[in-house]
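Here is a short briefing on how side chains pair up in one protein chain. Look at the sequence and the structure first, then work through the points by topic.

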Amino acid sequence: SKEDVRDVLGVTELPDAKGLPDIPGPYKEVPSDADAGKPTAAMKEWRSKVPNATHGSLGSLVSLQAWQDYEFCNLHQTGFFCDGLTRIRCCKLEDGA
């Protein structure tokens, strides 16, 4: 079972507590559970593709890395992605973002 494999490999899933909070939904699109075990690789050099935060916006109040992490799903769209050793689940919000 998946749980047995996770126990043997020492794999743990945890939310990223050091960045901006995740958006709880509701979601217009969510990735398929079938894709969870085979995430797509993140775009190469994706951080360089994140637009700069505008003055006075949420992004201007946090570190550059936190802003880039927050914008990951806007670049990658809906799906499961792998960035290094991190699996990221991206959903599309009701408002289209």
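Arginine 47 is partly exposed, with a relative accessible area of 29%. In this predicted model, arginine 47 forms a salt bridge with aspartate 69. Two salt bridges are counted in total, and the search of the whole structure also finds 1 disulfide.

**Salt bridge: arginine 47 and aspartate 69**

- The closest N and O atoms of arginine 47 and aspartate 69 are 2.6 Å apart.
- Aspartate 69 is partly exposed, at 28% relative accessibility.

**Salt bridge: aspartate 35 and lysine 38**

- Side chains of opposite charge can pair when their charged atoms come close.
- Aspartate 35 and lysine 38 meet in this way, in a salt bridge of 3.5 Å from N to O.
- That distance counts because the cut-off is 4 Å.
- Aspartate 35 is partly exposed, with a relative accessible area of 34%.
- Lysine 38 counts as exposed, at 54% relative accessibility.
- Lysine 38 gets that label because exposed means over 50%.

**The disulfide: cysteine 73 and cysteine 90**

- A disulfide is a covalent bond between the sulfur atoms of two cysteines.
- Here it joins cysteine 73 to cysteine 90, with 2.0 Å from S to S.
- The link of cysteine 73 and cysteine 90 is left-handed, with -75° about the S-S bond.
- This pair, too, links distant parts of the chain: cysteine 73 lies in helix α2, and cysteine 90 lies in strand β4 (residues 86–90).
- The two cysteines are 17 residues apart.
- Cysteine 73 is partly exposed, with a relative accessible area of 25%.
- Cysteine 90 counts as buried, at 1% relative accessibility.

**Other cysteines**

- The cut-off for a disulfide is 2.5 Å between sulfur atoms.
- Cysteine 91 counts as buried, at 15% relative accessibility.
- Cysteine 82 counts as partly exposed, at 29% relative accessibility.

Technical notes:
Residues are numbered from 1 along each chain as its sequence is written. This is a predicted model: local features need pLDDT of at least 70, side-chain atom pairs count only at pLDDT 80 or more; totals for chains, interfaces and linings use all residues. Side-chain values use heavy atoms; hydrogens and water are left out. A salt bridge is a side-chain nitrogen of Lys or Arg within 4 Å of a carboxyl oxygen of Asp or Glu. Buried means under 20% relative accessible area, exposed over 50%, partly exposed in between (1.4 Å probe, protein chains only). Helices (H or I, at least four residues) and strands (E, at least two) are DSSP runs, numbered from the N terminus.
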